[in-house]
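Take a look at the chain below.

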Amino acid sequence: MEVQGTIKLIDETKTYGSNGFRKRELVLTTDEQYPQHLMIEFVQDKTDLLNNFQVGQQVNISINLRGREWVNPQGETKYFNSIQGWRVEMVQSGEAGGDMPPVPPMEAFEPAENLKEEDYDDLPF
């Protein structure tokens, strides 16, 4: 899955436990009618992916949804979800246009000459 938006916050890398588990969190604000602030976590070697990015940049992040079950000491079952990032790419300014070539300026087109209204026109409109 992928999510696109603007980087709102990049946290420092934090290390947990004796095994040296590393985690780094990023908050992404989506670009839609009702913007969402999504906390996306990067773990282990993926924490280094965020070194080249700054707050305010438009990015596209490849994510996996993670869920886990936990039973508390009282026997109640709880469920937790997280969004885990594994790739970050800058959004290209012309990305919305897809693979369309650029349109030449109007000056590149020559005006039609000797145009007669009675000439046959096979266009349906």
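Two residues are in contact when heavy atoms of theirs lie within 4.5 Å. Keep that cut-off in mind for Q84. Leaving aside neighbours within four places in sequence, Q84 is in contact with I40, E41, V43, S62, I63, N64 and R66. The model shown here is predicted.

**The overall plan**

The protein chain has 0 helices and 6 strands. Read along the sequence, its pattern is β-β-β-β-β-β. Contacts also reach across the sequence. Among contacts between residues at least 6 apart, 50% join residues at least 24 apart.

**How strands pair**

Two pairings are set side by side here.

How much of the protein chain is buried? Buried residues make up 23% of its 125 residues. The protein chain exposes about 10200 Å². Carbon and sulfur atoms supply 51% of that area.

In soluble globular proteins, nonpolar side chains tend to be buried together. In this model, the largest nonpolar core has 14 residues. Those with the most contacts inside this core are L26, L28, I40, F42, V59, I61 and V88. Strands β1, β3 (21-30), β4 (37-43), β5 and β6 each give two or more residues to this core.

Now pick out L26, one of those core residues. Which residues does L26 contact, leaving aside its neighbours within four places in sequence? They are I7, L9, I10, L38, M39, I40, F42, L50 and I61. Among them, I40, F42 and I61 are also on the list of residues with the most contacts inside the core.

**Back to Q84**

Q84 is found in strand β6. Is Q84 buried or exposed? Its relative accessible area is 18%. Buried means under 20%. Q84 therefore counts as buried. Its contacts include I40, a residue that L26 contacts too.

Key: Residues are numbered from 1 along each chain as its sequence is written. This is a predicted model: local features need pLDDT of at least 70, side-chain atom pairs count only at pLDDT 80 or more; totals for chains, interfaces and linings use all residues. Side-chain values use heavy atoms; hydrogens and water are left out. Helices (H or I, at least four residues) and strands (E, at least two) are DSSP runs, numbered from the N terminus. Buried means under 20% relative accessible area, exposed over 50%, partly exposed in between (1.4 Å probe, protein chains only). Accessible areas come from the Shrake-Rupley method with a 1.4 Å probe; for residues, only the protein chains shown count as cover. A nonpolar core is a set of buried Ala, Val, Leu, Ile, Met, Phe, Trp, Tyr and Cys residues joined through side-chain atoms within 4.5 Å.
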